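Keep in mind that the model is predicted.

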Amino acid sequence: MSSEAPDHATGVGALLLSQAEPDIVEPAAHLLRERMLLAPAGGGWSVLVPEGKPWLHGEEPVDRVLTGWATALAVGSGRPVLALWWDTDRSGYTLAAGFRRTVGYEWLANGTPVGEDEAMRTFAARLGLDPVLDMQSLEALTRPDTEADARARMLGLLAVLTRTGLTLPPGLGPGEPADRLREVARVQRGLRRIEWSGWRDAVRAEFDVVESGPLGPWVRGPKARALAAAQVAAGLPLAVWAVRRRSGGWAVAAGVLLVQGVLGLAYDRMRERG
């Protein structure tokens, strides 16, 4: 067997950070149909560590795969999701928040910023960060600094988020290879394993998250039907676009939208008959 894949994987890693508790994240994470490790990450945050490495075997790089996952999780959970990714050449983040356009920023391996300042401002606004103090720290990450490489830039980003309650366990952070991230995640307190167990369990989990989530009052009636119809209307063209672009990540996001919309309509009808 060739050693090219393991060698290439050494400098590649990814994390998904959701601004929600594991109870809210878990049902949506099952719909990704990917094996992941889910653990608490401080007050009001959760971290997901992928167990697989689809970016090594498909046509999409790690950043595009993570963008699709983050979008699907954000739509499924109703909470912002931050995807952190890095490889041997660059590092960056993508923030997904519901149906809004994702925003992101990148740094070359030596720390050179290659993103747009506007992305940082949008990032701060969507996470409810302080527009003065926190923005000063974020803007520093967009300026040249010969002593800060890409990992240092990512750690600086996470330092700002600690003010919102985020706390990542030691060893579970940017710059670590995927295998190391899995090893650290497996020994965390409160760990949950995410595995695809079929549509029946996914349907049950989806009902649970809708009933207990912020959209609880919308589970039946005209508002529920309008929301479900909007999800189906958004999911169909996104699915077509994903197929044309052969984008697995965006196909997952489209699938989550369609599943939630169809389940919402079915649940509303079931409650009316019951």
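Start with strand S3, residues 46–50. The strand is mostly covered, with five of its five residues buried. Buried here means under 20% relative accessible area. Now look at its two faces. Ser46, Leu48 and Pro50 lie on one side, Val47 and Val49 lie on the other, and all are buried. Both faces of S3 are therefore covered, by the under 20% cut-off.

Next, find the neighbours of S3. Strand S1, residues 13–18, is joined to S3 by three bridges. S1 and S3 run antiparallel. Across this pairing, Leu16 stands opposite Leu48 of S3. Strand S2, residues 36–40, is joined to S3 by five bridges, and this pair also runs antiparallel. Here Leu38 has Leu48 as its bridge partner in S3.

S2 and S3 form a hairpin with five residues between the strands. In this hairpin, look for Gly42, which takes a positive phi near 95°.

In what order do the seven strands lie? The order is S6-S5-S4-S1-S3-S2-S7, in an open sheet with antiparallel pairing. The edge strands are S6 (103–108) and S7 (192–194), and each pairs on one side only. From one strand to the next, the twist averages 20°.

Technical notes:
Residues numbered from 1 in each chain as written. Predicted model: local features only at pLDDT ≥ 70, side-chain atom pairs only at ≥ 80, totals over all residues. Heavy atoms only, no water. Buried < 20%, exposed > 50% of the residue type's maximum accessible area, 1.4 Å probe, protein only. Helix = DSSP H or I, 4+ residues; strand = E, 2+ residues; numbered from the N terminus. Pairing = 2+ DSSP bridges. Axes fitted to C-alpha atoms, helices over the stretch in contact; angles between N-to-C directions.
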